[in-house]
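Please consult the sequence and the structure shown below while reading.

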Amino acid sequence: MPIVLGINTKSVFPIPIGVEEAAGLERKGWPVRVGVPFPQGKVKKGTRLIVYSPEGKPVVTQTHLMDTWPDGSVRWVLVEFQADVPANGHVFYQVKPIDGGPDWGVLAAGQGDAIKIDAGEGGLRMNIPTRGDGALFGMCGKDDIWWSTE
């Protein structure tokens, strides 16, 4: 699926990401991965980015800093999200910085002999043991979690 990326160096945001479907199949939640370049000095390291749908709604977004300029500003960021694209159609998503959005903090972290997952108020909260009885040792297939009994 071709991806079109456009950057206006005068005002960096929003960054349009065009996603095209040419095989004649409607795509729902289609994975998109794109490298986004930034002009030197325009985006500070640590800036949180999010993708917005063509309807302007925030989309679950994963980003990874790939490179910085000599001044420490962001040069390349890998952006991943899931797109909905009509058959033989194209849509434009937008990358923008999160201004005053929620600080999700650390959702999963090692804590002693367990992994603590905390998605906040009203969300999933659990401790997964990494040793002893009930330790999680792998996942097999969709929704199947295997636990050790040693």
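A salt bridge is defined here as a side-chain nitrogen of Lys or Arg within 4 Å of a carboxyl oxygen of Asp or Glu. The model is predicted, so local features need pLDDT of at least 70, side-chain atom pairs count only at pLDDT 80 or more, and totals for chains, interfaces and linings use all residues. Residues are numbered from 1 along each chain as its sequence is written, and side-chain values use heavy atoms, with hydrogens and water left out.

**Salt bridges**

- The whole structure contains 4 salt bridges.
- One of them joins the side chains of Arg 27 and Glu 21, at 3.2 Å from N to O.
- Arg 27 has a relative accessible area of 15% and is therefore buried (buried means under 20%, exposed over 50%, partly exposed in between, with a 1.4 Å probe and protein chains only).
- Another salt bridge links Glu 26 with Lys 28, with the closest N and O atoms 3.7 Å apart; both Glu 26 and Lys 28 are exposed.
- Arg 75 and Asp 67 also meet through their side chains in a salt bridge of 3.8 Å, N to O.
- Arg 75 is partly exposed at a relative accessible area of 31%, and Asp 67 is likewise partly exposed at 31%.

- Glu 21 is situated in the loop between strand S2 (15–20) and strand S3 (27–37); strands are DSSP runs (E, at least two residues), numbered from the N terminus.
- Glu 21 counts as buried because its relative accessibility is 2%.
- A polar atom of the Glu 21 side chain lies 2.9 Å from the backbone nitrogen of Ala 23.
- Ala 87, in the loop between strand S7 (74–85) and S8, is in contact (heavy atoms within 4.5 Å) with Glu 21, Gly 24, Leu 25 and Glu 26, leaving aside its neighbours within four places in sequence.
- The C-alpha atoms of Ala 87 and Leu 25 are separated by 4.5 Å, although these residues are 62 apart along the chain.
- Ala 87 is partly exposed, at a relative accessible area of 36%.

**Strand pairing around Tyr 52**

- Strands S4 (residues 49–52) and S8 (residues 90–97) run antiparallel and are joined by 4 bridges; two strands pair if DSSP finds at least two bridges between them.
- The bridge partner of Tyr 52 in S8 is Gln 94.
- S4 is also joined to strand S5 (residues 58–59), again antiparallel, by 2 bridges, and there Tyr 52 stands opposite Pro 58.
- The hairpin of S4 and S5 has 5 residues between the strands, and Gly 56 takes a positive phi near 85 degrees in this hairpin.

**Charges over rings**

- Lys 96 lies over the face of Tyr 52, at 5.0 Å from the ring centre (NZ of Lys or CZ of Arg within 6 Å of the ring centre and within 35 degrees of the ring normal).
- Arg 75 lies over the face of Trp 69, at 4.3 Å from the ring centre.

**Aromatic pairs**

- The count comes to 2 aromatic pairs, where rings of Phe, Tyr and Trp (its six-membered ring) pair if their centres lie within 6.5 Å, and planes under 30 degrees apart count as stacked, over 60 as edge-to-face and the rest as tilted.
- Phe 13 and Phe 38 form a tilted pair, 5.9 Å centre to centre with 50 degrees between the planes.
- This pair links distant parts of the chain, with Phe 13 in the loop between strand S1 (3–5) and S2 and Phe 38 in the loop between S3 and S4, 25 residues apart.
- Phe 13 is partly exposed at 24% relative accessible area, whereas Phe 38 is buried at 3%.
- The rings of Phe 81 and Tyr 93 have centres 5.1 Å apart and planes at 45 degrees, so this pair is tilted.

Methods
Polar contact = N/O pair within 3.5 Å; in protein donor to acceptor, adjacent residues only side chain to side chain.
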